[in-house]
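Dear colleague,

I am handing over the model we spoke about, with the sequence and the coordinates placed just below.

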Amino acid sequence: MEFNMQEGGFFTDLGFGKLEVSGNEEYGFRPFQLLVSSVAVCSGGVLRKVLEKMRIEFDDIHIKADVTRNEAEANRVEAIFLHFTIRGTDLDENKIEKAMKLTRKNCSMVQSVQDSIKIEETFELVQ
């Protein structure tokens, strides 16, 4: 990836379009937003694959991500809390718990940051 400076931040051109990144929301995505998004969406994508491989039928996965930052240390990301709402019929909580453990183990973004950022995942099942 290559990044080019522009007013208010930087940009890169990717296959899906231009990604603009800035510490100021007026000019692009903030770096911490991209970090949290990467962890959340990586986890969601891995969970989706794990559920499919386990032949667990589901209709939807919704992810709510909350972040804790430390203003005293350069506003560093200290924790990311992910809450998965999994929609489907006849979902088995024990099987979903197993899928969540496999997801954590196989998500490259979680594995990349887990020693420096606390990652906590919870889930609920909705019919």
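Does N75 count as buried, exposed or partly exposed, and at what relative accessibility? N75 counts as partly exposed, because its relative accessibility is 28%, where buried means under 20% relative accessible area, exposed means over 50%, and partly exposed lies in between (1.4 Å probe, protein chains only).

Please keep in mind that this is a predicted model, in which local features need pLDDT of at least 70 and side-chain atom pairs count only at pLDDT 80 or more, while totals for chains, interfaces and linings use all residues. Residues are numbered from 1 along each chain as its sequence is written, and side-chain values use heavy atoms, with hydrogens and water left out.

Overall, the protein has three helices and six strands, which follow one another from the N terminus as β-β-β-α-β-β-α-α-β; here helices (H or I, at least four residues) and strands (E, at least two) are DSSP runs, numbered from the N terminus. Of its 127 residues, 31% count as buried, and the C-alpha atoms fill a box of roughly 50 × 35 × 25 Å along the principal axes. Among contacts (heavy atoms within 4.5 Å) between residues at least 6 apart in sequence, 52% join residues at least 24 apart.

The strands β1, β2 and β3 form an open antiparallel sheet in that order, where two strands pair if DSSP finds at least two bridges between them. Its edge strands, β1 (4-6) and β3 (17-21), each pair on one side only, and neighbouring strands are turned against each other by 35° on average, direction ignored, with axes being lines fitted to C-alpha atoms, for helices over the stretch in contact, and angles running from 0 to 180 degrees between N-to-C directions. Five bridges hold the antiparallel pairing of β2 (residues 9-14) with β3, and F10 stands opposite V21 in β3.

Further along, β4 (residues 60-70) and β5 (residues 76-87) run antiparallel and are joined by eleven bridges, with I86 in β5 as the bridge partner of I61. Five residues lie between the strands of this hairpin, and A74 takes a positive phi near 60° there. N75, which is placed in the loop between β4 and β5, likewise has a phi near 60°, a positive value in a residue other than glycine.

R55, in the loop between α1 (31-53) and β4, also has a positive phi of about 60° although it is not a glycine, and R55 is exposed, with a relative accessible area of 76%. R55 is one of the residues lining the largest pocket, among them also F58, D90 and K95. This lining has three nonpolar, one polar and six charged residues, where Ala, Val, Leu, Ile, Met, Phe, Trp, Tyr, Cys and Pro count as nonpolar, Asp, Glu, Lys and Arg as charged, and the others, Gly among them, as polar. On a 1 Å grid over the protein atoms alone, a pocket is an open set of points where a 1.4 Å probe fits, with protein on both sides within 12 Å along at least five of seven lines, and lining residues have an atom within 4 Å of a point.

Finally, R104 lies in helix α2 (residues 93-106) and is partly exposed, with a relative accessible area of 26%. Leaving aside neighbours within four places in sequence, R104 is in contact with V110, Q111, Q114, I119 and E121.

With best wishes
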